[in-house]
Amino acid sequence: GIWSDILSAVGKIAVVCNAYIIAFSSDFLPMMLFTLDNREKNAKRKDMLSGYVNFSLAVASPEMTGLEEPCRYWAYRDPQGNYNLFFWKLTTVRLLFVIIFEHLEQCAAAVHGLQPSIGSVHVIGCFLQSLTNSLF
């Protein structure tokens, strides 16, 4: 009935929300992109994420903060305060992750939809049993 449609819509909204939460709150994608961007530089090291923490912290100049020394904060910005190229690459990767995550869920739902439900298996079994009883 109508509840099936409502639950289906809530499920689809939940999948998209989960994809956004994973993409935008996790450090997995920034770390992977940093590793791919710096693979030549860090190829000889065992730790592929060497320098990631310093890279992910932007510098606020003393003029901006009013403090005597620069302040570091989590962002992907250049010294002038503008977003750097890594930020735009990361935003693209995050949005692609959301699209791929959503499409994989849709494929899984389609495969699940191909499986017969218990009720239909029971009906088919009863039909086949009655058919074999009438033939023999």
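With which residue does Lys89 form a salt bridge, and how far apart are the closest N and O atoms? The partner is Asp37, and the closest N and O atoms lie 3.5 Å apart. The legends below place this pair among the other features of the model.

The model is predicted, so that local features need pLDDT of at least 70 and side-chain atom pairs count only at pLDDT 80 or more, while totals for chains, interfaces and linings use all residues. Residues are numbered from 1 along each chain as its sequence is written, and side-chain values use heavy atoms, with hydrogens and water left out.

**Figure 1. Overall arrangement of the protein.** Six helices and two strands are present; helices (H or I, at least four residues) and strands (E, at least two) are DSSP runs numbered from the N terminus. In order from the N terminus, the elements are α-α-α-β-α-β-α-α. Of the 136 residues, 18% are buried, where buried means under 20% relative accessible area, exposed over 50%, and partly exposed in between (1.4 Å probe, protein chains only). The accessible surface is about 10400 Å², with 68% belonging to carbon and sulfur atoms; accessible areas come from the Shrake-Rupley method with a 1.4 Å probe, and for residues only the protein chains shown count as cover. Contacts are defined by heavy atoms within 4.5 Å. Among contacts between residues at least 6 apart in sequence, 42% join residues at least 24 apart.

**Figure 2. The salt bridge between Lys89 and Asp37****.** A salt bridge requires a side-chain nitrogen of Lys or Arg within 4 Å of a carboxyl oxygen of Asp or Glu, and by this rule the count is one. The pair links distant parts of the chain, with Lys89 in helix α5 and Asp37 in helix α2, 52 residues apart. Lys89 is partly exposed at 34% relative accessibility, and Asp37 is likewise partly exposed, at 32%.

**Figure 3. The largest nonpolar core****.** A nonpolar core is a set of buried Ala, Val, Leu, Ile, Met, Phe, Trp, Tyr and Cys residues joined through side-chain atoms within 4.5 Å. The largest one comprises 11 residues: Ala19, Ala23, Leu29, Leu33, Phe34, Tyr52, Tyr76, Phe86, Phe87, Leu90 and Val98. Helices α1 (2-25), α2 (28-37) and α5 (85-114) each supply at least two residues of this core. The largest share, four residues, comes from α5. With residues up to four places away in sequence not counted, Phe86 touches Pro30, Leu33, Phe34, Asp37, Phe55 and Tyr76. Asp37, one of these contacts, is also the salt-bridge partner of Lys89.

Figure 4. Leu90 is buried, because its relative accessibility is 1%. Apart from residues up to four places away in sequence, Leu90 touches Leu29, Pro30, Leu33 and Tyr76. Leu90 and Phe34 are 56 residues apart along the chain, and their C-alpha atoms are separated by 9.2 Å.

Figure 5. Leaving aside neighbours within four places in sequence, the contacts of Ala23 are Leu29, Arg94, Phe97 and Val98. Between Ala23 and Phe101, 78 residues apart along the chain, the C-alpha separation is 9.7 Å.

**Figure 6. A nonpolar surface patch****.** Ile2, Trp3, Ile6 and Val10 make a nonpolar patch of about 440 Å². Patches are made of residues with over 30% relative accessible area and no salt bridge, like charges being joined within 9 Å and nonpolar side chains (Val, Leu, Ile, Met, Phe, Trp, Tyr) within 5 Å. Val10 lies in helix α1 and is partly exposed, with a relative accessible area of 49%.

**Figure 7. Cysteine residues Cys71 and Cys107****.** Cys71 is partly exposed at 31% relative accessible area, and Cys107 is partly exposed at 49%. A disulfide is a pair of cysteine sulfur atoms within 2.5 Å; by this rule the count is zero.
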